[in-house]
Each structure stands twice: as structure tokens, then as C-alpha cells.
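Good morning, and thank you for joining this group meeting.

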Amino acid sequence: GIKPVGDADKRTLIRRVTLDLTGLPPTGDEVEAFVADTSEKAFEKVVDRLLASPRFGERWGRHWLDLARYAESTGKTANFNYPHAWRYRDYVIAAFNSDKPYDQFIREQLAGDLMPSADPKVKAERLVATGFLAIGPKALNENNGLQFELDVVDEQIDVTTQAFLGITVACARCHDHKFDPIPTRDYYALAGIFRSTETCYGTVRFVQSQRPSPLLQLPAESAPSAVARKLSAEERATIEKEIADLKKRIAESTDRIATIFPAAQLALAQSKLDSYTADGTPKLQAMGVRDKPARAGGFGAGGFGPRGGFGMRAAGSRTIDDSPVYTRGEPDQPTAEKVPRGTLQVMSKSPLKVKSGSGRLELAEWIASRDNPLTARVMVNRVWMHLFGRGIVPTADNFGAAGQPPTNPELLDHLAIGFMDGGWSVKKLVKRVVMSHAYQLDSKFDKAAFEADPDNALVWRMSPRRLDAESLRDSMLAVSGQLDATPPVGSVVARAGEGPTGRARLGGDQVATAINDPRNPHRSVYLPIVRDNLPEALALFDAPDPSLIAADRPTTTVPSQGLFLLNNPFVLRSADAAAEKLLKGTTTDTER
């Protein structure tokens, strides 16, 4: 018996859709042009222009980065830089701008390295895409190599199943899932796939970093480099001399404690030298994954390899193989039987057939199939949530029994089928939703409707929403004329290189300075994202913890937000710039 409220006025509507699709406010000229356009297709023209803007990928790419727990450092107990994480960020933005089919987007992130291509740029793009599995948080000071491996695999299972399928499979690591029909065997069927995969994230061996890994090498001239300048012969000689001196100092020292700091300096110097080719050209490297070699041996009875350096157990697996079930998730309690690599029985008509390799490609194909009951539904629900503030399924990351049911299951299925029939095009889906009458409703209050549906689950109006952290900061840059819309190449973390994120003793930390730099004119999606040290402009306004998978951000109202808007140097600079712009009579907005 609820009736929708009236339609939004044109000024409200263009502000709403411009912020939703680009994360920036409309310019004054854009507002006036839309108000003056009385044609039937006036709004559709605005939507098409916004979807074609490079700003669309920056806005919607950020939504995906929330799910992918994007960050440029390891976090956890020892926080080390990920100098190559920015490549994955740029891949995601480019994917949304080019309207890469969503099923292809899935395959590339899970198994891009296994998808052949003769084009070196496409090959590089697909390798970078697998950064999805590599950029998660890692406890680099974990002594037990098998424990480290199982924790990384657990995190990869969690992000894969939550992001693409909206289910919490990682709950079945230690016991059968408490709510959903996912037995522990299914968890370890997936674990075998990821344990057969080498995760390449970089980092260096250091005081608290005992789990470094290699990086993926990209084809020559296939991608941009974050470091534009070549290493000169003089600079190479200086670094080589530093390395030789440090090695000598360590070798001659009789006090092991006294060698800790020189050893750290040595690791950083060697890492810097190794990031260039012999002629001084910066190497093109990326985070990502690749299959482990296929040879006899596998995980072994207990999953432990031989003891490695520093008296620690080396990584638990060396080759492609199935995984045993670990009782209660304990690495020292493997069962004798191994579980064939596969996927979830409750969602499969027949077992997953791994033709060769780890099985990641087959897993990706299974997830991206239109026969999969969840993949399309989960994605259209995310799109609906970002445009209305609430998903058709309110628990966007949990479509299981512990989640909330859809308020309109027929609408969810209708949109999911249309999404797949439309070639898995995110832009077509977004356009379809914003062109709907529901999206164009006013947000005015109606007492009777509110009493019947206080959560607005039935969309009788457009729920008022606050700007998120990135839109707030970017809007200040835009209206004050400071915004530099040119995407930066690389990241300050990339230019800082390998090593701990806070390393004042080792020559200063340019990353710490850049995190809250009030003079940075670039969009917020390009700010350095260091775990446990987010920029204030994001952290104070409910940006998610990048160590977690975040579908829906919380909304808080706390005094520190008001104090930031009153006192922060970035806000003051923006206010001064906006005032100066007005005083000069500059009413035309900066072209974006």
C-alpha cells in the first residue's frame, strides 16, 4: 500500500547521478545545461557522458578496491611496503573505464597468468590482474612456514568467495560451516588450488620480515614504470660499494646484535640494485601469482619442507598437489587422506575437473559461468547498493543462511539475467538502474510510508546519503579549482621501494610525509594506502580498513570529523583557494 514520493528536481538529480557515477560534483555549466535541456533524452545524455568519462573508472574502481582489500603494505605485525601494488589499482580503474566484461574481469584476477596471449601488453595486464590474490595482509615474521602458507591461502579463499560469490567459505577452515552447507572438505578442496599456487608479493628479508617472495617479471615495454629515471653508472657503483662495505662490516663483527642494523641496510641496498637491469633501466615487475611446478613430491605427509635459513621451517609446499584436511585448522594435525582439488559441492552439479596445473583457471571459469547461481546476483546487488545506499540483499557479502534475504528476489534475478544477457557489462547495468524511475525519486519524507517501511527497503523514496570519504575530499579539490585530473604514474610507495613503511633510521620515510600531504591535488583513489596508517581524510570519514573485505562502509558521526573540516591544512588550503577563485570572479569551473 506504499506509494513512491514524487520525482527529484533536475538540479538534485544531476548532482546525485554525477556524484554516484564519477565521485565528483557537477560543474555549474553542466547543471545549467541540464536544467535548460527539455528534451526527452536530456537525462540519458548526462548518464552517457558520465559513463564515458575517465572519472567513472576512478569512482567505481574504488568500490572494487574496497572488496579486494587494496593496500600498498603488508600490515599485521611487521608492516612492509608493496612497491608494485599500484599496478593492480590502475588495472581495476582501467577495467571499469573500458567496461571489461565482468566474467572476463573475474577470470583475469584469479587466473590471468594461465590465460595465453601473444600480445605482451595483454599478457602484462593479465599478470597484473592476479595481484588480486597477492595484495592481502601478511604476517611476515611468522616462523612456521606451513602456518604462513595456510594463512595466506585462507585469506585468498576468503577474498575470492566473498568478493565473487558473497559467501563466507573461510568459516569452514577449522570445522564444517556453522550455517551454510559447506563442509571442511570443500574448504580444503579449494585450499589445494591455492596451495598449488605461488604468491609473488616481493618484500625483503629483514629483522621482522622472514617471508620474502619473488615478483612477477613483465614483458619489456609492456607497462609503465613508476621510476622514470635510469640508474647511472656512478649511482650503481655507489650502491655496489655500499653493499660491499656492509658485507665486510657484518663479516668482521663478533657481536650478532651489532649486525642487525647493517644487515637491514644491506637488504635495502641489494633490493634497490636488483630493481634495475644491468644497463640501469628500471625492471618492470608486478605482484601476482603463478602455478608452482608440477613434479612428484607434493606437500608431503605433514606438509613441511626441509628446514631453511635461520633454523625455521621452509614453506610447506613446493609443487602442485592436493591438500589434506588439517584438523581444527592446526598445521601439525594433517589427515592422512588428501582432498581432490575442487570447489563447493552444494553449488556444483559435478566435481570440478582440474585438467592441468593448480586448477585456478578451472575455478575461475566455474565462478564466471552464467550457470553459477551467485556470481551475477552478487554483482548486481553491489551495483544496486552503491546507487541506492542499500542492497536488494542488505548483507552484500553474505548471501548465506546468516545473511538477510532479498527484499525483492524477482528484481534481483531480473537484473542478474539482464546483466549476463548484456555481455556482463557493468556500464549497461549502471545505466539501466539510474534510468529507472526508482533512482530518480525525490528524497522527501513521508510519514505513512516511513511507518510502514522505516528502512526504505521497498524504495518509496531515495534515501539521503552522506558523501563518502573520497567524494568529500575530491569535491573540495574540484570546487576550489585545485583538482589535477591527470592520473599519476605509479605511487609514492613505489618510489620509496622495498622495506618497512616507517624507516626514519634508514634515511627518512617519504611515504609518511605523503600520506597526509595537504598539497596533493590528485584524486583520493591515488593516495598512498598503507595498512594501519590511512590518510586522515579517508580514515576519519569511514574509509574501510584495507586489511578487511568491505562491501558496505559504515556511516559514523564523530567530533573528529567536524574538527577536521575546521582545522585540517588540506581543508584550509581548499577554502582559501575557493575564496580566491570567487574574489577573482572566476565562475567557470576547471575542466575535468
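I begin with the second largest pocket, which holds about 920 Å³ of space. This is a predicted model, in which local features need pLDDT of at least 70 and side-chain atom pairs count only at pLDDT 80 or more, while totals for chains, interfaces and linings use all residues. Residues are numbered from 1 along each chain as its sequence is written, and side-chain values use heavy atoms, with hydrogens and water left out.

The second largest pocket is lined by 32 residues, and those closest to its centre are Gly389, Arg465, Arg466, Leu467 and Asp468. On a 1 Å grid over the protein atoms alone, a pocket is an open set of points where a 1.4 Å probe fits, with protein on both sides within 12 Å along at least five of seven lines; lining residues have an atom within 4 Å of a point. The volume is the space filled by probe spheres set on the points, which are joined across faces, edges and corners.

Which helix gives the most to this lining? It is α1, with five residues; α1 (10–22), α4, α14 and α18 each supply at least two. Helices here are DSSP runs of H or I with at least four residues, numbered from the N terminus.

Let me turn to salt bridges, meaning a side-chain nitrogen of Lys or Arg within 4 Å of a carboxyl oxygen of Asp or Glu. The whole structure has 41 of them. In one, arginine 55 meets glutamate 58 at 2.8 Å, N to O. These two residues lie three apart in helix α4 (residues 54–67), so about one helical turn separates them. Both arginine 55 and glutamate 58 are buried, that is, under 20% relative accessible area, where exposed means over 50% and partly exposed in between, with a 1.4 Å probe and protein chains only.

A second pair joins arginine 370 and aspartate 421, with the closest N and O atoms 3.1 Å apart. This pair links distant parts of the chain, 51 residues apart: arginine 370 is in the loop between α13 (360–367) and α14 (375–388), and aspartate 421 is in helix α15 (residues 409–421). Arginine 370 counts as partly exposed because its relative accessibility is 44%, whereas aspartate 421, at 55%, counts as exposed.

Finally, serine 475 sits in helix α18 (residues 469–479). Serine 475 has a relative accessible area of 10% and is therefore buried.
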